[in-house]
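Me: Please take a close look at one part of this model, namely the salt bridges that involve its opening helix, and describe the residues that take part.

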Amino acid sequence: MKPPQDPDRWARLTAVAGEALAAARAGEDAVAVDLVTGYLSGSPEGNEEIRELVLLLFAECSSMVGALGSGGATPVKMQVFDEEGREVQIDDADPPVRTAIRALLAEVHGDQDAAAEQIEIALANGAPQELATVVLQALRWTLKLAIECETRDLPVAPWITASLDDQP
């Protein structure tokens, strides 16, 4: 995802995303989601900034999936697990998880419009908990992919690396 034309807005979005990633990495899921949904929803652009931030996370995930898949020994595989840790078929996943998967797959396949449409659906029709689930999925995938990319010495966006470096 290219930065918005307003550098202050870009800095704000990446700062909030970085803080949320750091919170998610520390196991503070509720704090991470609140940083995204609570903090940004209070701004004049509210849902627009939440949408941009989630799309930013999915775009970064897409870049990292591409890096991991390029000549990598281990292919990238999408899996969904239930609360007990059992793998669930994507079609059997909860609706907000399916929304997150569809958004990520659209990004991976270069269809930013379809990804944006999925996030817009979550914002317009979903209950707050459903939006929180989409946000949390985006944060978790970003973290896992970033850690794997760093392990393999593959590129990770500097703002993501900074949020990971802040952790013990």
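Reply: What follows goes from the helix to its charged partners. This is a predicted model, in which local features need pLDDT of at least 70 and side-chain atom pairs count only at pLDDT 80 or more, while totals for chains, interfaces and linings use all residues. Residues are numbered from 1 along each chain as its sequence is written, and side-chain values use heavy atoms, with hydrogens and water left out.

Helix 1 covers residues 7-25 and reaches 26 Å from its first C-alpha to its last, close to the 27 Å expected at 1.5 Å a residue (1.5 Å times one less than the number of residues; helices are DSSP runs of H or I with at least four residues, numbered from the N terminus). Among its buried residues are Arg-9, Trp-10 and Leu-13, where buried means under 20% relative accessible area, exposed over 50% and partly exposed in between, with a 1.4 Å probe and protein chains only.

The structure holds eight salt bridges, each a side-chain nitrogen of Lys or Arg within 4 Å of a carboxyl oxygen of Asp or Glu. In one of them, Glu-49 meets Arg-9 at 3.9 Å, N to O, which links helix 3 (residues 46-69) to helix 1 across 40 residues. Glu-49 is buried at 3% relative accessible area, and Arg-9 is buried at 17%. Arg-12 also meets Glu-49, at 2.9 Å, N to O, and this pair, 37 residues apart, again links helix 1 with helix 3; Arg-12 is partly exposed at 25%.

Within helix 3, Arg-51 and Glu-48 form a salt bridge at 2.7 Å, N to O, and they are separated by about one helical turn because they lie three residues apart. Salt bridges that share partners join Arg-9, Arg-12, Glu-49 and Glu-52 into one network.

Key
Helix = DSSP H or I, 4+ residues; strand = E, 2+ residues; numbered from the N terminus.
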